[in-house]
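Subject: Structure handover

Hi,

Here is the structure for you to take over. My notes on what turned up in it follow below.

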Amino acid sequence: MENYTIHSSRVLLPSTKEPIEAVLTLSPSTGKFVSITRGPPSADTSIDIELHHALVFPGLVDAHVHVNDPGRTEWEEWGRATEAAAAGGVTTIVDMPLNSIPPTTTVANFNTKLEAAKKSINVDVAFWGGIIPTNAEDLKPLIEKGVKGFKCFLCPSGVDEFPCVNESEVLRAMKELDGTDIPFLFHAELEHDASSHQLEGAADDPTVYDSFLKTRPDDMEYRAIELVIKCLRQYPRVRAHIVHLSSASCIPLLQLAQAEGLRITVETCFHYLCLSADTIPDSQTLYKCCPPIRTHANREALWSSLLSPTGDSPISMVVSDHSPSTSSLKHPSFLSAWGGISSLGLGLPLLLTELSDRAGSRRYELARKWLAEEPARHAGLQGRKGRIEVGMDADLCVVREEEWVIGREQLRFKNAHSPYASEGRKVDAKVVRTFLRGVEVYREGEGLMVQGAGKTLL
């Protein structure tokens with residue numbers, strides 16, 4: 001295929017704080033940006049795709065997605081998950097090591113997942129490995145095979161095949177990862193004892209959200225992060241990462257750890273920035289996740305950190321933590337329903353809408369950073385993903401600013417339920433076209449333009 005040009009008056013380039021006019025030349029044969037010319041097209045420049053005033057972001061990178069394929073394909077599968085990603089401008093996802101069966105904890109298990117993924121992926125996919133009590137010797141072989149890092153749980157994961165680890169097992173894994181520059185991801189919740197998280201609130205009405213919230217107090221996150229920091233001090237060369245930070249009470253602790261020079265990064269999720277415990281309806285377990293959605297005051301504290309004028313927020317990226325299940329597992333009891341929120345592909349409209357009143361014209365720069373540049377860096381993909389730059393993968397997310405309502409008909413992942421669709425969330429930005437390595441893979445009104453265009457990134 002021949003090179004072609006795209007023009008828009010509003011392109012988000014890496015070195016600009018606001019969108020600027022630019023002409024991009026893409027090569028479908030190499031999959032790269034060939035040239036980028038700032039300003040309007042010259043008189044002798046032929047424009048193949050005229051986007052006028054549409055916003056042009058780099059392809060988004062969602063570094064926290066549970067695809068569950070193979071093994072739990074009734075929850076999610078590669079084809080549907082990556083179609084949802086493409087429709088939301090997400091050109092790269094990083095798959096979590098669970099809840100697929102088998103989990104990504106050995107090379108043999110990883111090969112099983114790779115075979116499943118190669119059959120039907122519509123965007124590019126990288127992979128996290130998993131750390132469980134028994135697989136420390138599998139970590140370096142998994143690195144050689146191509147995983148981008150490893151995730152563990154400090155509390156029960158919810159699935160038997162992925163048990164949590166204790167302090168000594170964390171230290172054993174850190175010893176293996178020391179000097180590798182591979183990130184060690186933590187689901188950072190720590191129980192006081194084997195049953196305390198279940199007892200608090202257990203006597204309350206299980207269909208009321210507050211009954212569940214009492215079982216996952218802020219202290220679970222705080223104590224877990226304290227443990228991670230304690231372990232990092234013994235292995236200061238290890239890169240640690242806190243996934244899905246929910247509790248704003250942990251922010252000062254994380255700031256101190258970063259100021260100390262410890263290599264610790266943090267993500268939060270769209271649902272912690274867009275939803276509040278105070279307004280969750282009874283029995284609506286679509287809102288259940290772990291760590292939980294907390295109060296409106298906590299939500300505002302997360303935003304205050306992210307938008308700090310001093311730039312000292314420990315949080316550097318926002319991800320979906322798309323963790324789907326069947327509808328039957330989302331029964332009315334908050335205490336026993338599956339914990340996970342489905343939102344793959346909805347993140348950019350949600351975030352831009354929230355940022356509209358909070359950040360004004362800075363919202364484009366912040367969205368580019370949080371949803372593309374930093375997740376790509378976190379997953380070791382900064383040399384090819386996350387920026388509109390010559391030599392980088394020619395991935396684009398094209399956005400039209402208009403108000404629309406998220407409904408079930410817009411959900412392209414396998415089980416079409418989400419709290420945003422349930423409440424009919426209004427947003428003011430819509431992804432209308434997506435380009436993956438120079439090839440248009442999604443267009444509004446037509447859906448997927450190409451089947452199976454994705455690659456595995458090893």
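Strand 10 (150-153) and helix 5 (196-199) each supply at least two residues of the lining of the largest pocket. Bear in mind that this is a predicted model. The pocket's volume is about 640 Å³. Its lining runs to 31 residues. Nearest the centre are Ser 157, Gly 158, Arg 216, Cys 290 and Gly 339. By class, the lining of this largest pocket splits into 14 polar, 11 nonpolar and six charged residues.

The second largest pocket comes in at about 290 Å³. It has 18 lining residues, and those closest to its centre are Ala 87, Trp 404, Gln 410, Arg 412 and Tyr 442. Helix 1 (78-87) and strand 18 are the elements that give two or more residues to this lining. The class count for the second largest pocket is 10 nonpolar, four polar and four charged.

Strand 18

Strand 18 covers residues 430-436. Seven of its seven residues are buried, so the strand is largely enclosed by the rest of the structure. The cut-off for buried is under 20% relative accessible area.

Which strands does strand 18 pair with? One is strand 15 (residues 396-400), joined to strand 18 by five bridges and running antiparallel to it. In that pairing, Leu 396 stands opposite Phe 435 of strand 18. Another is strand 19 (residues 439-443), also antiparallel, with four bridges to strand 18. There, Arg 433 has Arg 443 in strand 19 as its bridge partner.

Strands 18 and 19 form a hairpin with two residues between the strands. Arg 437 in that hairpin takes a positive phi near 50°.

Strands 12 and 13

Strand 13 (residues 264-269) is mostly covered, with five of its six residues buried. Strand 12 (residues 239-242) pairs with strand 13 over three bridges, in the parallel sense. His 241 stands opposite Thr 265 in strand 13.

Helix 12

Why is the helix described as largely enclosed by the rest of the structure? Because 14 of its 16 residues are buried.

The length of helix 12 checks out too. Just after helix 12 comes Gly 380, with a positive phi of about 75°.

Cavities

How many cavities of 30 Å³ or more does the structure hold? It holds two.

The largest cavity contains about 80 Å³ of space. Its lining has 13 residues, and Leu 60, Asp 62, Val 90, Phe 270 and Gly 347 lie nearest the centre. Strand 6 (60-65), strand 14 (315-319) and helix 11 (347-359) are the elements that give two or more residues to that lining. Strand 6 gives the most, with three residues. The lining of the largest cavity is made up of nine nonpolar, three polar and one charged residue.

The second largest cavity has a volume of about 30 Å³. Its lining is Ser 246, Tyr 272, Leu 275, Ile 293, Arg 294, Thr 295, Asn 298, Arg 299 and Leu 302. Helix 10 (residues 296-306) provides the largest share of that lining, three residues. By class, the lining of the second largest cavity has four nonpolar, three polar and two charged residues.

Ser 42 sits in the loop between strand 3 (32-38) and strand 4 (49-50). Ser 42 is partly exposed, with a relative accessible area of 38%. That class applies because the value falls between the buried limit of 20% and the exposed limit of 50%. Ser 42 and Val 23 are 19 residues apart in sequence, and their C-alpha atoms are 9.6 Å apart in space.

Over to you.

Best wishes

Technical notes: Residues are numbered from 1 along each chain as its sequence is written. This is a predicted model: local features need pLDDT of at least 70, side-chain atom pairs count only at pLDDT 80 or more; totals for chains, interfaces and linings use all residues. Side-chain values use heavy atoms; hydrogens and water are left out. Buried means under 20% relative accessible area, exposed over 50%, partly exposed in between (1.4 Å probe, protein chains only). Two strands pair if DSSP finds at least two bridges between them. On a 1 Å grid over the protein atoms alone, a cavity is a set of points where a 1.4 Å probe fits but cannot get out, and a pocket is an open set with protein on both sides within 12 Å along at least five of seven lines; lining residues have an atom within 4 Å of a point. Grid points are joined across faces, edges and corners, and a volume is the space filled by probe spheres set on the points. Ala, Val, Leu, Ile, Met, Phe, Trp, Tyr, Cys and Pro count as nonpolar, Asp, Glu, Lys and Arg as charged, and the others, Gly among them, as polar.
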